[in-house]
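Subject: Structure handover and notes

Hello,

Here is the structure you asked for. Please open it first and keep it beside you while you read the notes below.

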Amino acid sequence: MSHFMMPNPKKVRQTRRMENSQLQRAWIIYRNLALLVGVALAILTFIALPYEYPLGHGKTALTTAAWTAHGWIFPLYLLATLNLSGKLKWPLRKTLLVMIAGTVPLMSFVAERRIAKEITSN
Amino acid sequence: MKRLLAPRLLSTHALAISGIVLCLFLSSWQWSRAHVAAPIAAANGIARFDDLSPLRTYLPVASIGVRTQVSGHWQQPGAGKLSKSNRIILPNRPADGTLLAAAESGVYDAPLGSWIVDLLVLDDGSTLAVVRGWTMHPEAVPVAAGKVAVFGVMQPSEDSGMSKLPAIDLLTTSGITQHAHSAVHDGYLVARLPPHGQSLGGAAIVGTSIANSALVEVSPIIKGTVHQSLHWRNVVYTANWIVFALIVLYMWIRIVRDELASENSVEQELDSVPLHDAEPEESTTD
C-alpha cells in the first residue's frame with residue numbers, strides 16, 4: 001500500500017479532537033438540562049402538585065410560575081437530547097427513551113448517570 | 001419517490017404525520033386556552049343569549065357577567081323520571097354573591113338565607129337554571145310557572161373558575177342536569193331587575209318574581225365582566241407543542257434518510273461484488 005493512501009495522522013487527530021470537543025459540549029449541555037428538568041419535575045410532582053390538589057390550594061401564582069418554568073426547560077432538554085444522540089449515533093429507540101425519561105419524575109437523573117458512564121467508558 | 005413510498009416506510013409516514021398533526025392541534029388548543037377575548041359585545045347593553053351560551057359546550061369566559069335576556073316557560077314538576085323536585089335551594093348564602101367570593105371562611109357581615117333556583121325551559125327547548133332571588137323562607141316561595149322573560153347575567157358553574165368559595169352547597173352544571181328534562185346550558189343565569197327605561201322587547205315580565213314576590217335580588221358572585229389577559233403558562237405550552245411537532249418532523253426525516261442510506265449501501269455492496277466471487281470459498285483444509 002502506497003503511503004498517500006494512508007490517512008494523514010495529523011488530520012485524523014484534528015478531526016477527532018474537534019469531534020470530541022463537540023461531543024463534550026453536547027454532553028455538558030445535556031447534563032445541565034437533565035439536572036434542571038429533574039429538579040423542576042421533582043419540585044412540581046412532590047411539592048407543587050400535592051400543594052395544589054390534596055391540600056386544596058388550587059392553582060396559585062407560584063405553582064403556575066413553576067409549571068411555566070418547566071414548560072421552558074423541557075423542550076430545551078428534548079433538543080439537547082436530540083443533539084447528543086446525533087453526536088453519539090444513538091438508535092432512535094434509545095433517543096426516544098432518554099426523551100421520555102425527562103417526563104418521569106427522578107428518571108432523568110438515572111438516564112444522565114447511565115449516559116455519563118457510557119461516555120466516560122469510551 | 002418510489003422508494004419513499006415503499007410499504008416498509010408507510011407506517012413511519014403515517015405515524016409521523018399523525019404525530020405532527022396531533023402536536024399542532026394541541027398547540028392551537030393551548031393557544032385558545034391562553035388567549036381569552038374581551039367580554040362579548042352587547043348592543044344597547046343586552047347581549048343575545050345565543051351568543052353568550054352555546055349549548056353543549058362550556059360557558060365562554062367572555063360571557064360571564066354580560067347582561068342578557070331569555071324567554072321561555074318554567075319547568076313543571078313531575079315531568080321527568082329522575083327529578084324529585086324542580087327547584088334547587090342553596091342555603092347559607094348572603095344575597096350579595098360577591099361576599100361569597102370575598103370570605104372563604106363562610107362568615108359574613110350579612111344575613112344568611114337561601115338562593116332560589118328554578119329551571120327555565122327556553123323557547124328552543126333547552127334548559128337554563130335561573131337564580132330567581134334570595135329569601136329567608138324558601139318554603140314560602142311558590143314554584144314559578146308560566147311563560148316569562150327574564151333579564152339577568154350569566155355566571156359559570158360554581159365548581160369551575162370559582163375555586164375560592166366556602167364549604168356550601170354549590171350550584172354546578174352537573175347538579176342542574178339532574179333536575180332538568182332537556183339539554184342544559186353550562187352555568188346559570190342570575191335574574192336581575194331590568195335597568196330603568198329598558199324595554200324587554202315587548203315581552204311582559206310575568207312572574208320573574210323579583211318585582212312581585214318576597215324574593216330579594218341576588219348579586220352575582222362574579223361582579224362585572226371578566227377581562228382576561230394572556231395566560232403565560234398556556235403560551236409556553238403552545239410553544240412546547242410546536243417544538244414537539246418539529247422534533248417529530250426531524251426524527252421522521254432522519255429515519256427516512258437512514259433507511260434510504262442503508263438501502264443504498266446494500267445496493268452498492270451487491271454491485272461491487274463480482275458475480276464469480278459471490279460464491280463462498282470452500283475450505284480446503286480438513
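Two residues are in contact here if their C-beta atoms, placed from the backbone, lie within 7 Å. The model is a predicted one, in which local features need pLDDT of at least 70 and side-chain atom pairs count only at pLDDT 80 or more, while totals for chains, interfaces and linings use all residues. Residues are numbered from 1 along each chain as its sequence is written, and chains are lettered from A and ligands numbered from 1 in the order in which they are written.

Chain A

Chain A has four helices and zero strands, in the order α-α-α-α from the N terminus. Helices (H or I, at least four residues) and strands (E, at least two) are DSSP runs, numbered from the N terminus. Of its 122 residues, 25% count as buried. A residue is buried if 20 or more other C-beta atoms lie within 10 Å of its own, exposed if 12 or fewer, and partly exposed in between, with C-beta atoms placed from the backbone. Among contacts in chain A between residues at least 6 apart in sequence, 66% join residues at least 24 apart.

Helix 1 of chain A covers residues 9-52, which is 44 residues. At 1.5 Å a residue it should span 64 Å, and its end C-alpha atoms are 61 Å apart, which agrees. The expected span is 1.5 Å times one less than the number of residues. The helix has a kink of about 35°, centred on A:L44; the bend at a residue is the angle between axes fitted to the seven residues ending there and the seven starting there. Its buried residues include A:A26, A:W27, A:Y30 and A:A40. Helix 2 (61-88) and helix 4 (107-121) of chain A are among what covers the buried residues of helix 1.

Why does A:A40 count as buried? It has 22 C-beta neighbours inside 10 Å. A:A40 is in helix 1 of chain A, and apart from neighbours within four places in sequence it is in contact with A:A69, A:H70 and A:I73. A:A40 and A:A66 are 26 residues apart in sequence, yet their C-alpha atoms are 7.7 Å apart in space.

Helix 2 of chain A has 28 residues and should span 40 Å at 1.5 Å a residue; its end C-alpha atoms are 41 Å apart, which agrees. Among its buried residues are A:H70, A:G71, A:F74 and A:P75. A:K89 follows helix 2 of chain A and has a positive phi, near 55°.

In helix 3 of chain A (residues 92-101), the buried residues are A:T95, A:V98, A:M99 and A:A101. Seen down the helix axis they fall within an arc of 160°, so they line one face of helix 3. The arc is that of the directions from the helix axis to the C-beta atoms. On the other side of helix 3 of chain A, A:L92 and A:R93 are exposed. An α-helix has 3.6 residues a turn, so residues three or four places apart point the same way. The cover over the buried residues of helix 3 includes helix 2 and helix 4 of chain A.

Where the chains touch

The contact takes 11 residues from chain A and 11 residues from chain B. On the chain A side, the largest share, nine residues, comes from helix 2 of chain A. By class, that side has seven nonpolar, four polar and no charged residues. Ala, Val, Leu, Ile, Met, Phe, Trp, Tyr, Cys and Pro count as nonpolar, Asp, Glu, Lys and Arg as charged, and the others, Gly among them, as polar.

Chain B

Chain B has five helices and seven strands, and buried residues make up 30% of its 286 residues. Among contacts in chain B between residues at least 6 apart in sequence, 75% join residues at least 24 apart.

A nonpolar core is a set of buried Ala, Val, Leu, Ile, Met, Phe, Trp, Tyr and Cys residues joined through C-beta atoms within 7 Å. The largest such core has 37 residues, and those touching the most other members include B:V117, B:A129 and B:Y188. A second, separate core of 26 residues includes A:A26, A:A34, A:A40 and B:C23.

B:A129 is in strand 5 of chain B and counts as buried, with 27 C-beta neighbours inside 10 Å. Leaving aside neighbours within four places in sequence, B:A129 is in contact with B:V117, B:L119, B:L171, B:I176 and B:Y188.

Regards
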